[in-house]
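Visitor: I would like to learn how to read the features of a protein model. Where do we begin?

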Amino acid sequence: MASVVIVGGGAIGLASAFFLHRRGVFSITVLDQGPIGNGCSYGNAGFLSPSHMVPLAAPGVIGKGLRWLLDPESPFYIRPRWDLELFRWLWRFRRSATATHVTRSAPVLQALLERSRDLTAQIQDVTEDFELRQDGLLMPYQSEEGRGECEQLAREAARLGMTHEWVPVDRLNELAGMEVRAIGGLFFPGDAHLRPDRFTAALHRYLERQGVQFLPETEVTGLVRRGRQVTEVQTSNGTLAADQVVVAAGAWSARLVRAVGYRLPLQPAKGYSLTFTPPPELVPRRPLLLTETKVAVTPFREAFRLAGTLELSGLELSIRQRRVQAIYRAAQRYLPALPLPPIEQAEIWAGLRPCTPDGLPVVDRVPGTDNLWLATGHAMLGISLAAVTGELVAALVGEDTPPIDPALLRADRWSS
Ligand SMILES: Cc1cc2nc3c(=O)[nH]c(=O)nc-3n(C[C@H](O)[C@H](O)[C@H](O)COP(=O)(O)OP(=O)(O)OC[C@H]3O[C@@H](n4cnc5c(N)ncnc54)[C@H](O)[C@@H]3O)c2cc1C
């Protein structure tokens, strides 16, 4: 394989470059329309969570989503609009949200997530410290409905042989290192977390030292296709030739592959984070996921982050203050002893998760082409799955047998 062009300098594009380089590909170019690592991979919660092995498309999600739509402070929102792609996506989501889909996908996601967590540690070993720690993930719940949700997750975890622990109230406080207002919790000791902006920066610096070429502020405007080959990548700064092209452009990926005739069902799902630097004097000693509100709480070494909401609002990054305030208030409700500074002191960030209708990523060749690859659709798992996706991309592009069968991640799975 002589040369590879990667479109997108987020966690997925960078991890793909890392593993392609590790396999001996020496001509790699990573293009980004903005700065490297500034997309959705920048301000997320940083969880590496094997506990998230149940795909988003699961039974019960539709009913809950409909109830949430009526609540302006809920973690879910759809901006009302006439959008055929969105309707098609929702229809496919509804069809995927079945017990059979969960039974089939959860073991594959679990294998991918666990391998990815371990590969991420290997990346840190050769790059630099990005605050990777395996402190587990604690999920406190405040209601019977929340307990029911955790019970469902625990049943799936038991089926898959994943270590998890039911946590009574007094142990909750001990695990969190501070008072948690909840009636119980579920704990996954195998989960880890990292500081996402340091993860992408570490990969960027390391790859640059290895001779990978980076072209930030270079938008890919088109892909020239001759028969089954993509021969040229057109950019805002000229044209590039490549033997292989990997589209890892996150929520923007569908637009790019549409130009070569492939319709990827992908919706951007906006989420927000609030980052406090320096962190408050007292913070939980490990990450939490506040069950009813789906707010993620992550303590970093020099900062503290709250993250959440899922908005299907299209490819736009406007900030809805009401939803941001709901995230802030959720943290106050569950963690009454947390000395949160006023919300005005937080860095408020929005990012677009690339979501497929079945909740699984696409890591595959684009149908009808020989040298165009897709690595996207990671939804809320792009940090968790970055390393293993990079490994899969490198194996597939190198015509090698991937370490985990990527059959469920195929790009032609919506063609029927
Ligand atoms: C609030 C929130 C919390 C989250 N928490 C977690 C978490 O705890 N754990 C987890 O695993 N995941 C989490 N996620 C999801 C995770 O952030 C994403 O899945 C992941 O960042 C996607 O990575 P990516 O590389 O595919 O996309 P991105 O990081 O968005 O990278 C894509 C890049 O492609 C570039 N690009 C797009 N179009 C073009 C073009 N035409 N030309 C050139 N460049 C282009 C963009 O500029 C961008 O930099 C969270 C997301 C949000 C919003």
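Guide: We begin with a definition: helices are DSSP runs of H or I with at least four residues, numbered from the N terminus. Note also that this is a predicted model.

Visitor: Are W89 and F93 buried or exposed?

Guide: The cut-off for buried is under 20% relative accessible area. W89 has 5% relative accessibility, so W89 counts as buried. F93, at 8%, is buried as well.

Visitor: How many aromatic pairs does a search of the whole structure find?

Guide: The search finds 7. One of them is F18 with F19: the ring centres are 5.0 Å apart and the planes stand at 75°, which makes the pair edge-to-face because planes over 60 degrees apart are classed that way. F18 is buried at 3% relative accessible area, and F19 is buried at 4%. Ring pairs also bring Y206 into a cluster with F18 and F19.

Visitor: What sits over the ring of F300?

Guide: The charged end of R195 does, at 5.4 Å from the ring centre.

Visitor: How should I read the nonpolar cores, and which residues have the most contacts inside the largest one?

Guide: Read a core as buried nonpolar residues joined through their side chains. The largest has 71 residues, and I6, L20, M53 and F199 have the most contacts inside it. Leaving out residues up to four places away in sequence, I6 touches L20, I28, V30, L31 and V246, among others. Another core, of 30 residues, lies apart from the largest one and includes A176, F276, V295 and V324.

Visitor: Where is G8 found?

Guide: G8 is in the loop between β1 (3-7) and α1 (11-22). G8 counts as buried at 7% relative accessibility. Beyond its neighbours within four places in sequence, G8 is in contact with G13, V30, L31, D32, A248 and A249.

Visitor: What should I look for in the backbone angles?

Guide: Most residues other than glycine have a negative phi, and most peptide bonds are trans. In this model the peptide bond from T277 to P278 is cis, with omega near -5°. P278 is in the loop between β14 (267-276) and β15 (288-290).

Visitor: Where is T309, and what is its phi?

Guide: T309 lies in strand β17 (residues 304-312), and its phi is near 70°, a positive value. T309 is buried at 7% relative accessible area. A379 also has a positive phi, near 50°. A379 lies in the loop between β20 (372-376) and α10 (386-397) and is buried at 12%.

Key. Residues numbered from 1 in each chain as written. Predicted model: local features only at pLDDT ≥ 70, side-chain atom pairs only at ≥ 80, totals over all residues. Heavy atoms only, no water. Phe/Tyr/Trp six-rings, centres within 6.5 Å; stacked < 30°, edge-to-face > 60°. Buried < 20%, exposed > 50% of the residue type's maximum accessible area, 1.4 Å probe, protein only. Lys NZ or Arg CZ within 6 Å of the ring centre and 35° of its normal. Core = buried A, V, L, I, M, F, W, Y, C linked by side-chain atoms within 4.5 Å. Contact = heavy atoms within 4.5 Å. Helix = DSSP H or I, 4+ residues; strand = E, 2+ residues; numbered from the N terminus.
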